[in-house]
Structures are given as C-alpha cells and as structure tokens.
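Morning, everyone. I have one structure to walk through today. Please have a look at it before I start.

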Amino acid sequence: QLRRPTDGTFLNKFPLVTTDPNKLAAQAKEKLPETSYNYIAGGAGEKATMDANRLAFRQWKLVPRMLRETSIRDLTIELFGEKYETPILMAPIGVQSIFHEDKETGLAEVCAELDVPFIMSTAASSTIEEVAEASGNGPRWYQLYWPQDDEVTLSLLDRAKKNGFKVLVVTLDTWALAWRPADLDNGYVPFIKGTGVQVGLSDPVFRRKCRAKFGHEPEENIVEASVAWLGDVVSGKSHTWDRLKLLRDNWEGPLVLKGIQKHPEDAKLAIEHGCDGIIVSNHGGRQLDGAVASLEMLPEIVDAVGDKATVLFDSGIRTAADIIKALSLGAKAVLVGRPVIYGLGIAGKAGAKEVLQGILADLDQSMGLAGIQRVGDCKREMLRKVVYGG
Ligand code: FNR
C-alpha cells in the first residue's frame, strides 16, 4: 500500500507540500497568519529544549546492514492489543482551526485512511462527537488536559468512551502554560481569545457550571467562558500522583501518561499507579525550557520500565531516520506533531496527508536501506552515538 520513491507513483504526486523536512516550516510560514505560525513554530524560553530535541537525534547515527532480505518491509505494530499498519501516531495538537478550516475533523479523516491513531486534544477546535464522526472506523485516542473539577473530568471521559476513543492519554507537563515569547510578543493565547477551542464550550457539565457562575451561556461572553475553562484546565495548580486513582477508576481502557521524561523514577511511579503506557515527551520544547531532550532520556526510561508498560515517544521527530532511531532506542511507536500540522496549514487535510504519506514512504524505504525488515528488528545495536565537530 505504501508508495516508494522508485515505483513511479511519486512523479508529480506531491504537488502541495514540500518533501524536504527542512523547508516545511518555511512553506507554512508563507501561508499562515503570523500569530498561527508563531504558535506552532515557537517554543518555550529561548527554545533551548526545542533545539536540543533535534540535536539529540543528530547524536545518534544508524549503522546499516547489507545483504539482508529486506525487499519487503513490515511496518505493522501492536499497541495495547490492537494492530496498526505503521509505527506512527498523530500527536495531540490543540486549536487546529487556527491553522486551517479543515481542522481536527479533516485530520482525523486522513488518519483513519492511513490507519494512524488520531490523538484528539482536549484543546481541540472540534468537539469529541464531531471528531468521532469524521474518524469513523479509524483508530482514535483521547488526550486529557486534566481539569481540577472532577465533574468536568468525568464528563469528558464519559463522552470520549461513548464516542469510541480507545486509549486515554493524560498530558502532565502543561498544568501551567510556559513562557512562550513568540506568543507573548504578539499577545496571543488562542484559548483566552476563545479562538479555536471548542471543547469547554461543548461540554454539558462545563456549560451548566458556566451558567451557574456567570448567569449566561458561554457563547454570550466567549472570553469570559474561555478564561474560566483555561483557569480550570491549565490552572497553575498541579495534580499529584494520588489523584491518578480517579482516572484509573473511571477509564477501563489503556491509560497512558504523556510528558514523562524528567526522571525514570516517574516512569516507575506511573506503573505503580496502574498506567499502561507512557509517552516520553517534553511537549516539543514548548513547556520547560532548559529541560533535557526527550530522546536523551528514552533509553533510561525504557530500561526502567522493562515490559511492565508500553513506551512511546515524541518531541523532535521530523524524518524517517528519526523514527528508526527512536524505535531502536526502545519506543514501540512515535508521535508525529509539527510536520503534519505544517502540512495542514499549507494545504488543509490534503497537505497533512501528503506529509504523513511522505514520512511513511521514507520510513519504508529507509528501513530497507538500513537492513531492517520489521519494526521489531529496530534494536540499539543499529545505532552508534557520535559527536561530530564538537
Ligand atoms: C502541541 N502539543 C500538545 N500536546 C498535548 O498533549 N495537547 C495539546 O493540545 C497540544 N497542543 C499542541 C499544539 C501545538 C501547536 C504543538 C506544536 C504541540 C504537543 C504535541 O503533542 C507533541 O508533544 C509535540 O508536538 C512534539 O514535538 P514536535 O515533534 O512536534 O516538535
């Protein structure tokens, strides 16, 4: 099903989006309003962690093997008992309507076509119900920004369950919004302007609380309602490990924590608290600037977890080689974020699809060139850590 650079199908087939990973952001910049572009391209602080995410990939090099039977590659994987065509997932990215009117519903459709699990953000511009409809029979997971208000939390979990979201991803690293100069300089926080965020407004429990608090429907004062929503979800108040019981008791499916990386000890705590998986991630360098690159911590966390939980990875994936490196360091699958949203910004869902197809075609070909037949054959011995040029 995957096209290859040499099979003829690529001639004139990527008309919308550049296939050069280093030009994608520049192409998106031409299309997007400055505020939207800065929101996706920006990071926390001086972007030291964002840069580190990329530099960490540069420090690992693939050591290819020759004369192996790799003419047909098998990209399939299994996560939490479900089989998927490829080892990539769509990272949860909020407020997608600020990038294109196709927004989450369009991207969920594309992901369903490619059998890529669509991880829907709590900060989405489409509702849970709309995304479920667009995704149809496609795989979908729900990412929770964990409200302080348990009643709202349970309402979100309930709607996600009823709408066929199979895995719950709880993002831990964004309980307060980081210092992001690219947005601060524009006075731009899409959530506060009520731009692009739907979910708070569409949740019946939140609406009821909004009416009780302000005496009107959220739409009547969108900024007021959005600030209330933000105040609850990104409230500047962290949850603690003991509070996980609430989620564990109310979510029967797999429970995955996103944003573990500061310490392998956190990975062990996740298992002790009944989690099924963790996503090693630093939010693409958008939260704690100065934090270590996610890839740097991946091997230690994989070792700490063993076979007790599924380890996934994001933050800095741009190319097929990056995917092979993360898989070889022990991730079972990776989340792709910014590149796909650049594609969405450039040409809507068709652009996002081209980016995903390009990454997958490159992955298929690169695995072959590296002498790897199956995803499970990606092992640490495929890699060497190097430092060129000091
Ligand atoms: C994100 N990310 C994110 N994560 C999450 O759990 N919920 C969310 O709503 C968002 N929103 C969001 C918006 C934008 C514009 C970006 C770029 C990122 C983080 C995302 O899931 C993922 O961790 C990063 O995108 C990984 O970094 P790279 O590989 O995209 O640089």
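This is a predicted model: local features need pLDDT of at least 70, side-chain atom pairs count only at pLDDT 80 or more; totals for chains, interfaces and linings use all residues.

Cavities first. The whole structure was searched, and 3 cavities of 30 Å³ or more turned up.

Now by element. Helix 2, residues 34–41, supplies at least two lining residues, and so do helix 10, at 222–233, and strand 11, at 333–336. Helix 10 gives the largest share, with 3 residues.

On to the core. The largest nonpolar core holds 118 residues. Seven residues have the most contacts inside this core: Met90, Trp141, Tyr142, Ile278, Leu295, Leu298 and Phe313. Which helix brings the largest share of the core? That is helix 15, residues 338–370, with 13 residues.

Take Leu295 from that list. Leaving aside residues up to four places away in sequence, Leu295 touches Ala56, Phe57, Trp60, Phe313, Ala326 and Leu329. Phe313 is another of the residues with the most core contacts.

Tyr142 was on the list too. Let's follow it into the strands. Strand 6 covers residues 140–144, and it pairs with strand 7. Is the pairing parallel or antiparallel? Parallel, over 3 bridges. Within strand 7, Leu168 is the bridge partner of Tyr142.

Now the side chains of strand 7, residues 168–171. Leu168 and Val170 point one way. Val169 and Thr171 point the other way. Both sets are buried.

Last topic: backbone angles. Lys47 is not a glycine, yet its phi is positive, about 65°. Where does Lys47 sit? In the loop between helix 2 and helix 3, the latter being residues 48–58. Lys47 is partly exposed, at 32% relative accessible area.

Leu67 is also a non-glycine with a positive phi, here about 50°. Its place is the loop between strand 1, residues 60–62, and strand 2, residues 77–79. Is Leu67 buried or exposed? Its relative accessible area is 92%, and the cut-off for exposed is over 50%, so Leu67 counts as exposed.

That's my tour. Over to you for questions.

Methods:
Residues are numbered from 1 along each chain as its sequence is written. Side-chain values use heavy atoms; hydrogens and water are left out. On a 1 Å grid over the protein atoms alone, a cavity is a set of points where a 1.4 Å probe fits but cannot get out, and a pocket is an open set with protein on both sides within 12 Å along at least five of seven lines; lining residues have an atom within 4 Å of a point. Grid points are joined across faces, edges and corners, and a volume is the space filled by probe spheres set on the points. Helices (H or I, at least four residues) and strands (E, at least two) are DSSP runs, numbered from the N terminus. A nonpolar core is a set of buried Ala, Val, Leu, Ile, Met, Phe, Trp, Tyr and Cys residues joined through side-chain atoms within 4.5 Å. Buried means under 20% relative accessible area, exposed over 50%, partly exposed in between (1.4 Å probe, protein chains only). Contact means heavy atoms within 4.5 Å. Two strands pair if DSSP finds at least two bridges between them.
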